[in-house]
Amino acid sequence: MRLLLVEDDDAIAIPLVQGLEREGYEVERVATAAGALCAEPADLVLLDLGLPDRDGRSLFGELRVASTVPIIVVTARGDEPDRVTGLNLGADDYVVKPFGFQELVARINAVMRRAGLRTPEVAAVQHIKSLEIDRRARVVRSCGVALACTPKEYAILDLLARDPGALVTRHQLLEEVWGPHWYGTTKMIDVHIASLRRKVGDRTLIETLRGVGFRLVVDE
Ligand code: CA
């Protein structure tokens, strides 16, 4: 998984690159817009809007035209126009400096999952009861037979399976499967869960914690 970090401030970029590499990411860091435009293709871009050689917004536009790579915009704290711009630009997410490293990693992983990319911390193939979650192929198999899951159903199961037995709140599901800028009713979560249960054919696998969220029941 390759990340491109576009950040001119060494004090932010150097520890960030080290931390992300420890998390299993391969990172290329550039300090200018010009550097970003001639960097190797990446799976995700972290883009600081305040760059020395060019306005970050116009760079964002150019990167967007050039590819569909997910982009997380990084803006300075309290810089309201930038923050608004991050959303209006159509960024996949944005973080405001100073941000916590774990928060950033969680956002990177969430954006990658929504983009259908595998994050480094999870198994490529995971077995839960009779299910096999194949993250390379984005396929769920039951007793070896591929299930016809929709992308949302796959994303829900994928998220629940990352920590079997752990509660995933409705809010987390919305954030990670539908995205941080999704506004509306959470009813469709139940619709997707119901459909997923039918396809999996094991109604006890996904437990509903009423009003709170869901978890995978993996105990025998
Ligand atoms: Ca900057």
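1. The largest pocket has a volume of about 220 Å³. The model is a predicted one: local features need pLDDT of at least 70, side-chain atom pairs count only at pLDDT 80 or more, and totals for chains, interfaces and linings use all residues. Residues are numbered from 1 along each chain as its sequence is written, and side-chain values use heavy atoms, with hydrogens and water left out.

2. Terms for the pockets come next. On a 1 Å grid over the protein atoms alone, a pocket is an open set of points with protein on both sides within 12 Å along at least five of seven lines, whereas a cavity is a set of points where a 1.4 Å probe fits but cannot get out. Lining residues have an atom within 4 Å of a point. Grid points are joined across faces, edges and corners, and a volume is the space filled by probe spheres set on the points.

3. Lining of the largest pocket. This pocket, of about 220 Å³, is lined by 13 residues, and A36, A39, P41, L63 and S67 are the closest to its centre. Helix 2 (33-37) and helix 3 (56-66) each supply at least two lining residues. Helix 3 gives the most, with 3 residues. Helices (H or I, at least four residues) and strands (E, at least two) are DSSP runs, numbered from the N terminus. By class, the lining has 10 nonpolar, 1 polar and 2 charged residues. Ala, Val, Leu, Ile, Met, Phe, Trp, Tyr, Cys and Pro count as nonpolar, Asp, Glu, Lys and Arg as charged, and the others, Gly among them, as polar.

4. The second largest pocket holds about 160 Å³ of space. It is lined by 11 residues; R113, L159, R162, D163 and Q172 are the closest to its centre. Helix 6 (151-161) and helix 7 (170-178) each supply at least two lining residues. The lining divides into 5 nonpolar, 1 polar and 5 charged residues.

5. Helix 6 on helix 7. These two helices pack at an angle of about 125°, with their axes 10 Å apart. Helix 6 is therefore oblique to helix 7. Axes are lines fitted to C-alpha atoms, for helices over the stretch in contact, and angles run from 0 to 180 degrees between N-to-C directions. Angles under 35 degrees count as roughly parallel, over 145 as roughly antiparallel, 65 to 115 as roughly perpendicular and the rest as oblique. K152, A155, I156 and L159 of helix 6 meet Q172, L173, E176, V177 and W178 of helix 7, where contact means heavy atoms within 4.5 Å. This contact has 6 nonpolar, 1 polar and 2 charged residues.

6. Helix 7 on helix 8 (residues 187-200). Their axes come within 10 Å and cross at roughly 80°. Helix 7 is therefore roughly perpendicular to helix 8. R170, L173, L174 and W178 of helix 7 make the contact with M188, I189, D190 and H192 of helix 8. The classes are 5 nonpolar, 1 polar and 2 charged.

7. Helix 1 (residues 10-22) on helix 5. The axes come within 11 Å and cross at roughly 55°, so helix 1 and helix 5 are oblique to each other. Helix 1 passes helix 5 in a right-handed crossing. L16, G19 and L20 of helix 1 meet F101, L104, V105 and I108 of helix 5. No charged residue takes part in this contact, which has 6 nonpolar and 1 polar.

8. Backbone points to check. Most residues other than glycine have a negative phi, and most peptide bonds are trans. The peptide bond from K97 to P98 is cis, with omega near -5°. P98 sits in the loop between strand 5 (93-96) and helix 5 (101-114). R138 has a positive phi, near 50°, and lies in the loop between strand 7 (131-134) and strand 8 (139-142).

How values were computed. Left-handed = near helix turned anticlockwise from the far one by under 90°.
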